[in-house]
Amino acid sequence: MQLDQILQYTLSGLSTGAIYALIGIGFSIIYNATGIINFAQGEFVMLGGLFTLTGLQLLHLPLWASVPFSITATTVIGILFERLAIRPLRQPTPLNLVIITIGCSILIRGLAMLFWGKDTHAIQSFSGDNPIAIGGATILPQHIWILVVTLIIIAINKFYFYHTISGKAMRACSYNRRAAGLVGIDVRRMVLFSFIISSAMGAVAGIIVAPLTMTAYDVGVMLGLKGFCAAIIGGMSSGISTVIGGLILGVLESLGAGLISSGYKDAIAFIILLLILFIRPQGLFGKADSERV
Amino acid sequence: MLEVSAVTQIFGGVTALENVSFSISKGDITGVIGPNGAGKTTLFNIITGIYKQTAGRVILEGRDITGLPPERLARLAMVRTFQNIELFGAMTVLENVMVGMHTKSTSGLLACALKMPWSISEEKKIRKGAMKWLEFTGISELADHTAGSLPFGKGRLLEIARALAVGPRIILMDEPAAGLNSHETLGLAQLIKQIRDLGITVVLVEHDMELVMDICDRIIVLNLGRKLAEGTPREIQESKEVIAAYLGDDD
């Protein structure tokens, strides 16, 4: 009985962890290209869910069309964000940037509240709600969607950064921005790319998680912080360490909520975050061998 | 090819360069020499868009490039290397050079996402091109090492290979022989001549007089922010002002 429970918590923890990983990678990509911790990353996640809702209910699009619609719309917001809030800064200091991203996050959340209201909205599951039994535990088809989509996104990400010239150029910016400029890489365009990729990934995370957790104008705050936590555990790498960070976080959170008390669910994430920051600020796997992309 | 006209650079109260003018002709190896603090590196930083000068213009192939950022200059076929080599340490040697060929890549982010096969074949092409530059500089056997693990001399060759991969018509090298042993310096001299033979104009700041006198077609001497002399290596060696600046006056 106890063992089945643990299996159950682990499985659902893995799928929430996958979401945290996606959000965390979004943080890392922008951080590595620009040095900015984009505290508005969570809002992209929220927008992903809510734009899908708009596609489904307001525009009466089928799900397969609402999803790309939502990703596109969120990416446009990401581009506007970079163009209007980040690029105009001439000599940005880290503190400026933190305040700007937090400010934008509050602005986006406020606009979302005006547009979609304060209610929590449900989105249909992608392929039904019939639980699937695995051992003594059950998972929903949506959990499988989450795991598979996350895997695909991470694989695409890896391919982009390691096997395309544009991806390599982006990595080059993160290693040595000055040298990157000197070999003709337009660093500012790479910054825009990083916002495009991160906002699109945030949107995907928001879309696939929405059928499970429902969505509302303020879901981005908590999801964003959890994603940030995953990125910190992974040492701000946009590779496998952040994925592991997200999965560890998801599983611990789920086990803690199930075995101790669900009231502590969010507290667990932040205790981990604080412990990591105190003990291993370079991330669980160390800076030396984490791939910082 | 490259024309520097009346460039002045003032840092606070210090005049680092004062009214410096010269022109560099196509296909030459030009050396910029001078005692420490003469303003050589400042001059390089101005030409390559890292500093913005107080006054004066820089003209590349008839086009005013004053104040253009480095990435634009790279697209206009002007590249530079650094005294302290600047590499992408965590990437492999080959990847470093591939990134140099980035400007030639036509596939952007969208193309990568939409036309995967095409961009893969392009990647292959770029990989091959990058390999060619590694062979040219003689470090092709190190292609799969991470750039950060290279010894200094090889790192310098890699930086040169990466700069060449950009496809420059003019390359500026800031003290390419600094930190190299005499054997490596000989190899470098050979390499610089080969670069010139490709039709690429070379400008270098260098302290190693033997190297400068050996390979340069023309030499420009700076002292205390001003141009002291300009001419062939022989003229420079015989110039009284230059000797005075380096060794001190008799009186």
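Let's begin with chain B: the C-alpha centres of its domain 1 and domain 2 lie 27 Å apart. Domain 1 of chain B is made of 1-77 + 168-251, and domain 2 of 86-166; these bounds come from an automatic or database domain assignment. Before I go on, the housekeeping: this is a predicted model, where local features need pLDDT of at least 70, side-chain atom pairs count only at pLDDT 80 or more, and totals for chains, interfaces and linings use all residues. Residues are numbered from 1 along each chain as its sequence is written, while chains are lettered from A and ligands numbered from 1 in the order in which they are written.

Back to those two domains. On the domain 1 side, 10 residues are in contact with nine residues of domain 2 of chain B, contact being C-beta atoms, placed from the backbone, within 7 Å. Which elements of chain B each supply at least two residues of the domain 1 side? They're α2 (70-75) and α7 (182-197), with helices being DSSP runs of H or I, at least four residues, and strands runs of E, at least two, numbered from the N terminus. α7(B) gives the most to that side, three residues. By class, the domain 1 side has seven nonpolar, one polar and two charged residues. For the classes, Ala, Val, Leu, Ile, Met, Phe, Trp, Tyr, Cys and Pro are nonpolar, Asp, Glu, Lys and Arg are charged, and the others, Gly among them, are polar.

Now, chain B against chain A. Here 29 residues of chain B are in contact with 22 residues of chain A. On the chain B side, the elements giving two or more residues are α2, β6 (78-81), α3 (93-100), α4 (109-114) and α5 (116-137). That side splits into 14 nonpolar, eight polar and seven charged residues.

On to chain A and its helix packing. Helix α2 (residues 41-58) and helix α8 (residues 187-213) of chain A pack at about 55°, axes 7 Å apart. Axes are lines fitted to C-alpha atoms, for helices over the stretch in contact, and angles run from 0 to 180 degrees between N-to-C directions. That angle makes α2(A) oblique to α8(A); under 35 degrees is roughly parallel, over 145 roughly antiparallel, 65 to 115 roughly perpendicular, and the rest oblique. The residues of this contact come out as nine nonpolar, eight polar and no charged.

α8(A) has another partner: helix α6 (residues 165-175) of chain A, where the axes come within 10 Å and cross at roughly 110°. So α6(A) is roughly perpendicular to α8(A). Ala169(A), Met170(A) and Cys173(A) of α6(A) make the contact with Val187(A), Met190(A), Phe193(A) and Ser194(A) of α8(A). That's six nonpolar, one polar and no charged.

One more pair: helix α9 (residues 219-233) and helix α11 (residues 265-279) of chain A pack at about 35°, with axes 10 Å apart. Among the α9(A) residues meeting α11(A) are Met222(A) and Lys226(A), and Asp266(A) is one of those on the α11(A) side. This contact has nine nonpolar, no polar and two charged residues.

Last thing, confidence. Chain A has a mean pLDDT of 88, and 97% of its residues reach 70 or more, pLDDT being the predictor's confidence in each residue, from 0 to 100. Over residues 288-293 of chain A, though, pLDDT stays under 50, and the model has 20 contacts beyond four places in sequence for that stretch.
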